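Hi there,

Here is the model I promised to pass on to you. Have a look at it first, and then read my notes on the charged pairs below.

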Amino acid sequence: QVHLVESGGGLVQPGGSLRLSCAASGFIFSNYAMSWYRQAPGKERELVAYISTAGDRTSYADSVKGRFTISRDNAKTTVYLQMNSLKPEDTAVYYCRRWGRPEWGQGTQVTVSP
């Protein structure tokens, strides 16, 4: 069974940083592109970042470009999201997902507030 376990969220002040992790199992990790999504209260889930199977190609939502960095370690079957210069509008539950597949993890809460 596919398992995706997000972690690393928490409460940070504006301008702060967090590093999210997504530990994956139950599939051949290196065969799948991965992505991060987020969902804020009252809003629909949105794509934040994408990374190709080998990690050589990435893409980002305009709202996070230049502040967030997605990466992966295929040996550890883990994908990361480094979030810098955080803003209150980044507050959301963050999820990882295999690109083009339906399974979600439980998510990790990120709250940016003074």
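Let me start with two side chains, Arg 38 and Asp 90, which are both buried (under 20% relative accessible area, with a 1.4 Å probe and protein chains only; exposed is over 50%, and partly exposed is in between). This is a predicted model, in which local features need pLDDT of at least 70 and side-chain atom pairs count only at pLDDT 80 or more, while totals for chains, interfaces and linings use all residues. Residues are numbered from 1 along each chain as its sequence is written, and side-chain values use heavy atoms, leaving out hydrogens and water.

Arg 38 and Asp 90 form a salt bridge (a side-chain nitrogen of Lys or Arg within 4 Å of a carboxyl oxygen of Asp or Glu), and their closest N and O atoms are 2.9 Å apart.

Another one pairs Arg 98 with Glu 103, with 3.1 Å between the closest N and O atoms. Here Arg 98 is buried at 3% relative accessible area, whereas Glu 103 is partly exposed at 25%. Through shared partners, salt bridges also join Arg 38, Glu 46, Arg 67 and Asp 90 into one network.

Lastly, Lys 65 bridges to Asp 62 at 3.2 Å between the closest N and O atoms, and Asp 62 is exposed, at 67% relative accessibility.

Best wishes
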